Amino acid sequence: MPFRERMARRFGDTLSPEKAYLSYYDVLLTVEDIKSLKHDWLTDNNIAFWEEYLERETLVRYPQARIVLLRPSMTFLLMKEPDMSQVATALPDFSKVTHVFLPINDNRNVGVAEGGSHWSLLLVSALDGVSFHYDSLGGANYAEANLASRKMAEILRRPLRFVNLEDCPQQENGSDCGVFVCLLMRHLLVKRLLNAHAREKVSMSMAGKMVDSNGGRKEMLRIIENLRKEGERRRS
């Protein structure tokens, strides 16, 4: 199957317009996405929205920051497409980037959209040549994250040392992994990278970090509802 067709099957718009819930820049959240966010495993769209929100509401205030939040679709492409020249043309220009966040999913079937059953987070420090892996379910995504790290090393054209952080906070059920990814991403972005002083050595350890997944779901839903109401107000 041709490259473009494979990507269209994986990321094409198969949702009917009446299921649209919120359009936020490049992300369209559906009613099903909202249902998942309330009490289920987070979808690609849920995580893509969160990254878009962090970029638009947080990163924009730090114009000197050279940090990329790679969307789940692009991480999937990076991991599954064997032609790295095709991958390089689809990804952002990383030549001046210091850090890259990648949501990692264990979906191994390129023909199944929203496949897989677990999310984890990979933070690539191009500055230090290290990939930090945060997995809220032990080492469940170790192999997938290691693969993504090797692929990123090819894209960046420099070696990356893969570190699986064993002190990552752990989920207490089978559905909170995506929420952990979102909350850890924000913590690392805001508390560790954006607020670091010049020449300060930033720790990537999560020792002692507590994650309120239920509170995180409620906060994300509240943000979405506020954006939806703001959109309705502007249209009225």
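**Notebook: helix packing and a cavity**

I began with H7 and helix H8 (residues 213-235), whose axes come within 10 Å and cross at roughly 80°. Angles of 65 to 115 degrees count as roughly perpendicular, so I logged H7 as roughly perpendicular to H8. I kept in mind that this is a predicted model.

Next I listed who touches whom in this pair. From H7 I noted Val-179, Phe-180, Cys-182, Leu-183 and Arg-186. From H8 I noted Ser-213, Gly-216, Arg-217, Glu-219 and Met-220. By class, I have five nonpolar, two polar and three charged residues for the contact of H7 with H8.

**H3 against H7**

I then turned to helix H3 (residues 44-57) and helix H7 (residues 177-194). Their axes come within 10 Å and cross at roughly 15°. Angles under 35 degrees count as roughly parallel, so H3 is roughly parallel to H7. I recorded the crossing of H3 and H7 as right-handed.

On the H3 side I found Ile-47, Trp-50, Glu-51 and Leu-54. They meet Gly-178, Cys-182, Leu-183, Met-185, Arg-186 and Leu-189 in H7. I sorted the residues of the contact of H3 with H7 into seven nonpolar, one polar and two charged. I see Cys-182, Leu-183 and Arg-186 of H7 listed here, and I had already written them down for the contact with H8.

**H3 against H8**

How do H3 and H8 lie to each other? I looked up their axes, which come within 12 Å and cross at roughly 70°. H3 and H8 are therefore roughly perpendicular to each other.

H3 brings Asn-46, Phe-49, Trp-50 and Tyr-53 to this contact. H8 brings Met-220, Ile-223, Ile-224 and Leu-227.

**The cavity**

I got one cavity of 30 Å³ or more. I noted a volume of about 60 Å³ for the largest cavity.

Which residues lie nearest the centre of the largest cavity? I have Pro-72, Thr-75, Phe-76, Pro-103 and Asn-105, out of 10 lining residues. Helix H4 (72-80) and strand S4 (99-105) are the elements that give two or more residues to this lining. H4 supplies the largest share, four residues. I sorted the lining of the largest cavity into five nonpolar, three polar and two charged residues.

Conventions. Residues are numbered from 1 along each chain as its sequence is written. This is a predicted model: local features need pLDDT of at least 70, side-chain atom pairs count only at pLDDT 80 or more; totals for chains, interfaces and linings use all residues. Side-chain values use heavy atoms; hydrogens and water are left out. Axes are lines fitted to C-alpha atoms, for helices over the stretch in contact, and angles run from 0 to 180 degrees between N-to-C directions. Angles under 35 degrees count as roughly parallel, over 145 as roughly antiparallel, 65 to 115 as roughly perpendicular and the rest as oblique. A crossing is left-handed if the near helix is turned anticlockwise from the far one by less than a right angle, and right-handed if clockwise. Contact means heavy atoms within 4.5 Å. Ala, Val, Leu, Ile, Met, Phe, Trp, Tyr, Cys and Pro count as nonpolar, Asp, Glu, Lys and Arg as charged, and the others, Gly among them, as polar. On a 1 Å grid over the protein atoms alone, a cavity is a set of points where a 1.4 Å probe fits but cannot get out, and a pocket is an open set with protein on both sides within 12 Å along at least five of seven lines; lining residues have an atom within 4 Å of a point. Grid points are joined across faces, edges and corners, and a volume is the space filled by probe spheres set on the points.
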